[in-house]
Protein chains: 2
Amino acid sequence: MAEALRVALAGLGTVGGGVIRLLDANAELITRRAGRRIEVVAVSARDRTKDRGIDLSRFDWVDDPVALARHADADVVVELVGGSDGPALALARAALGAGKSFVTANKAMIAHHGLELAQAAEASQRALKFEAAVAGGVPVIKGLREGAAANEIGRVYGILNGTCNFILSKMEAEGRDFAEILAEAQALGYAEADPTFDIDGIDAAHKLSILASIAFGTQPAFGDLKASGIRHILAADIAEAATLGYRVRLLGIADAGAHGLFQRVHAHLVPLGHPLAHVTGSTNAVVAEGNFVGRLLFQGPGAGDGPTASAVVADLIDIARGEYGPPYAMPAAALAAQPAADSGERRGRSYVRFTVADRVGVLAEIAAAMRDAGVSIESLIQRGVSPDGSALVAIVTHEAPERSIAQALEKLRGSQSLTGEPMWMHILDA
Amino acid sequence: MAEALRVALAGLGTVGGGVIRLLDANAELITRRAGRRIEVVAVSARDRTKDRGIDLSRFDWVDDPVALARHADADVVVELVGGSDGPALALARAALGAGKSFVTANKAMIAHHGLELAQAAEASQRALKFEAAVAGGVPVIKGLREGAAANEIGRVYGILNGTCNFILSKMEAEGRDFAEILAEAQALGYAEADPTFDIDGIDAAHKLSILASIAFGTQPAFGDLKASGIRHILAADIAEAATLGYRVRLLGIADAGAHGLFQRVHAHLVPLGHPLAHVTGSTNAVVAEGNFVGRLLFQGPGAGDGPTASAVVADLIDIARGEYGPPYAMPAAALAAQPAADSGERRGRSYVRFTVADRVGVLAEIAAAMRDAGVSIESLIQRGVSPDGSALVAIVTHEAPERSIAQALEKLRGSQSLTGEPMWMHILDA
């Protein structure tokens with residue numbers, strides 16, 4: 001049998017601990033599958049004395065993560081520190097610079113610096129792998145990079161943030177509003193104390209930009225990506241969507257066409273006949289549409305120590321087997337620079353909900369703004385007045401350019417009739 | 001750039017034609033992803049003169065498939081001939097014996113002879129790949145072999161036959177009976193003129209035995225697998241299942257525990273909360289449950305020239321990249337010989353439907369047989385008498401060993417009360 005693959009591990013939080021527990025628990029099986037043992041030889045974390053329920057005395061402890069990255073006994077460095085820059089990036093550069101392979105679960109760092117790191121990995125002919133960075137335990141990077149490799153991918157989209165999907169499914173099941181469910185999720189540890197990255201769509205955006213590069217063979221372009229989240233979705237929106245035959249999901253969606261690369265994280269109405277409508281709780285799911293294979297779906301646990309560790313160790317097994325190549329499925333130099341698409345040109349159906357004052361002429365004003373922008377209305381529902389005197393008006397439009405909807409909303413801005421910001425959601429074209 | 005990967009292709013039916021069309025259409029993209037060109041250099045098929053809408057003049061034509069397998073210019077041989085033995089197997093042995101890599105979509109051959117072929121591939125350090133043999137375009141073999149490689153897989157199951165799922169979903173949507181829908185599917189080309197392999201579960205069984213080996217690290221054991229199909233499912237069964245909150249799906253299901261390897265293809269009631277309940281039409285879907293990752297789902301088109309060609313070419317890209325290893329995720333010698341589990345020991349809930357004569361004492365007889373076998377009944381529905389004078393009795397049992405249900409059915413065998421064979425379906429434990 002070949003010599004063991006020797007791993008230096010930076011970061012001993014829940015995922016780092018999970019990786020060590022997994023390597024211990026499944027050691028014999030992993031050795032059979034990888035053709036050699038995979039052994040942690042050195043670790044680094046902020047606090048050496050913290051009790052993590054794992055015997056760390058068998059590993060070399062290195063205080064300085066950058067020193068760990070250059071550890072003489074390590075073939076591969078695993079980074080589970082987090083953060084797009086700072087120590088994680090220093091560690092990544094040091095490891096690849098020292099000729100080590102590098103595995104990370106760090107979506108923010110890959111979204112911002114993936115191309116530079118891929119070039120470094122290529123230069124030293126080492127692996128750079130980040131399966132755990134997207135959709136946790138779901139092998140979707142492998143699915144795109146290898147499984148769907150024969151296809152031109154027209155569109156990739158999915159449910160990329162488990163916290164948002166957990167909140168939306170619970171709002172749906174219980175008819176309660178966002179703030180209540182968020183507070184509950186925080187108390188249960190399902191949402192962070194500062195949930196901004198999750199609920200405002202930034203975490204999903206990091207993942208989407210990684211998927212888009214691999215799917216389309218384009219240079220990572222996180223800066224071009226527009227993201228919004230779920231903060232302003234009401235239980236009433238979810239109820240209206242249900243009566244129309246839809247479920248509300250926060251989707252990351254990207255496509256590459258003649259007009260450029262489109263990437264966006266935005267709440268959508270998903271028709272009940274679509275598999276993403278049935279993805280509930282913190283599960284993640286990604287759809288890729290290929291020109292020969294058609295529609296593929298990859299689904300599973302998007303976070304947690306076990307699933308994330310599963311993806312990290314899968315990357316280590318690929319490295320142990322010697323089965324890896326360019327991280328973006330092609331050499332970094334072959335990735336195309338693609339301009340950002342103008343989203344105003346996109347055509348689709350939309351759901352727009354207004355909170356309005358209970359006064360004469362409100363509907364006429366909204367309808368006129370839509371008409372003047374050339375947007376045709378498929379259905380309009382007004383629901384009764386709530387205790388604060390406001391009412392809801394929900395519109396579903398016929399297919400229209402997004403620019404036109406934006407024009408209508410611009411025209412209504414500042415209207416005395418509206419008591420809050422309109423909520424605009426796209427209807428997934430399934 | 002490295003030299004082209006040169007392919008000899010045997011079989012120019014719909015899938016063979018699809019492979020050539022895909023390699024033509026996506027040539028530039030595939031070259032970027034694979035790092036080299038993938039070029040068909042020689043082909044073989046039964047009829048040279050048939051018009052396939054493809055220019056074959058650019059390929060060397062070889063009449064004898066075994067001679068093709070040894071073609072001096074080929075690095076890899078693709079077999080799309082079909083059949084578990086005969087020419088396909090001769091071709092496989094010749095190709096691997098001549099030191100070529102080998103790619104096939106042939107589930108029957110891999111189910112029966114996969115271990116022998118894997119040993120031959122290992123001996124010559126060449127690739128043996130068969131992604132297209134299971135679930136068409138869905139990269140589930142890669143998902144298990146690599147994506148979930150860090151996990152002990154407890155159970156793998158799914159919808160593995162698109163024809164059956166097409167028929168069951170149509171029966172469900174239209175409330176019509178099996179024979180009618182089958183005839184329609186045959187007329188439309190969705191079902192074979194001789195549909196036995198599909199509708200009696202044999203095709204799904206081939207695929208399941210391949211998945212089980214890779215998931216569990218056990219030697220292929222197609223001979224131990226029990227399969228049944230969907231011929232005897234009535235529209236009334238699907239309707240009863242619906243009232244109980246289930247959909248009827250033909251599932252291949254395998255697990256590996258202390259009691260041995262269990263593999264079976266059988267109709268199941270799938271709860272509406274399970275993703276497989278929402279898989280309709282000819283789509284395939286596979287679930288794998290890992291001890292760290294939890295439940296993964298892979299879903300997509302299970303057949304057709306485009307999806308199957310997508311999987312075949314994905315295998316070729318892996319070979320072009322040099323990213324392949326033992327076909328069953330570990331060396332053939334490391335696969336464990338696992339005895340077949342005794343299905344009588346399995347515990348679960350069941351649905352059993354009887355067609356009964358309209359006479360006094362029928363229900364008492366059925367209930368007594370269940371009671372005597374120690375099976376507790378959760379619900380029992382009798383529906384009104386049909387024009388031929390028979391009625392339906394549908395039972396859902398509490399959890400019970402399968403042996404007990406079998407005993408009850410054995411006791412009822414030959415009863416004057418029953419006008420046909422009982423239909424027994426398992427309820428998926430989600």
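Domain bounds, as used here, come from an automatic or database domain assignment. The model itself is predicted, and everything said below should be read with that in mind. For chain A the assignment gives domain 1 (5-137 + 322-332), domain 2 (141-301) and domain 3 (344-427). The C-alpha centres of domain 1 of chain A and domain 3 of chain A lie 49 Å apart.

Chain A contains an open sheet of six strands, in the order 3-2-1-4-5-6, with parallel pairing. Strand 3 (60-61) and strand 6 (128-129) of chain A stand at the edges, and because each has a single partner strand, one side of each is left without a neighbour in the sheet. Further in, strand 1 (residues 5-10) of chain A pairs with strand 2 (residues 38-44) of chain A in the parallel sense, over six bridges; within strand 2 of chain A, the residue standing opposite A:L9 is A:V43.

In chain B there is likewise an open sheet of six strands, ordered 3-2-1-4-5-6 and paired in parallel. Its edge strands are strand 3 (60-61) and strand 6 (128-129) of chain B, each of which pairs on one side only. Strand 1 (residues 5-10) of chain B runs parallel to strand 2 (residues 38-44) of chain B, and six bridges join the two; B:A10 has B:S44 of strand 2 of chain B as its bridge partner.

Salt bridges come next, and a search of the whole structure finds 70 of them over all chains. One of them is formed by the side chains of A:E345 and A:R403, with an N to O distance of 3.1 Å. This pair links distant parts of the chain, 58 residues apart, since A:E345 lies in the loop between helix 12 and strand 13 (347-348) of chain A, while A:R403 belongs to helix 14 (residues 402-412) of chain A.

How much area is buried between chain A and chain B, and which residues of chain A lose the most of it? The buried area is about 4300 Å², of which carbon and sulfur atoms give 54%. In chain A, the residues that lose the most area to chain B are A:R32, A:R33 and A:F292, together accounting for 18% of what that side buries. The contact takes 54 residues from chain A and 54 residues from chain B.

Polar and charged groups also take part in this contact, with 29 residue pairs in polar contact between chain A and chain B and four salt bridges between the two chains. A:E323, for example, forms a salt bridge with B:R145, the closest N and O atoms being 3.1 Å apart. On the side of chain A that touches chain B, at least two residues each are supplied by several elements, including helix 1 (14-25), helix 2 (27-34) and strand 12 (294-301) of chain A. The residues of that side divide into 29 nonpolar, 14 polar and eleven charged.

Strand pairing, too, crosses from one chain to the other. Strand 12 of chain A and strand 12 (residues 294-301) of chain B run antiparallel and are joined by three bridges, and in strand 12 of chain B the bridge partner of A:L297 is B:Q299.

Conventions. Residues numbered from 1 in each chain as written. Chains lettered and ligands numbered in written order. Predicted model: local features only at pLDDT ≥ 70, side-chain atom pairs only at ≥ 80, totals over all residues. Heavy atoms only, no water. Pairing = 2+ DSSP bridges. Helix = DSSP H or I, 4+ residues; strand = E, 2+ residues; numbered from the N terminus. Contact = heavy atoms within 4.5 Å. Buried area = accessible area lost by both parts, 1.4 Å probe. Polar contact = N/O pair within 3.5 Å; in protein donor to acceptor, adjacent residues only side chain to side chain. Nonpolar A, V, L, I, M, F, W, Y, C, P; charged D, E, K, R; others polar.
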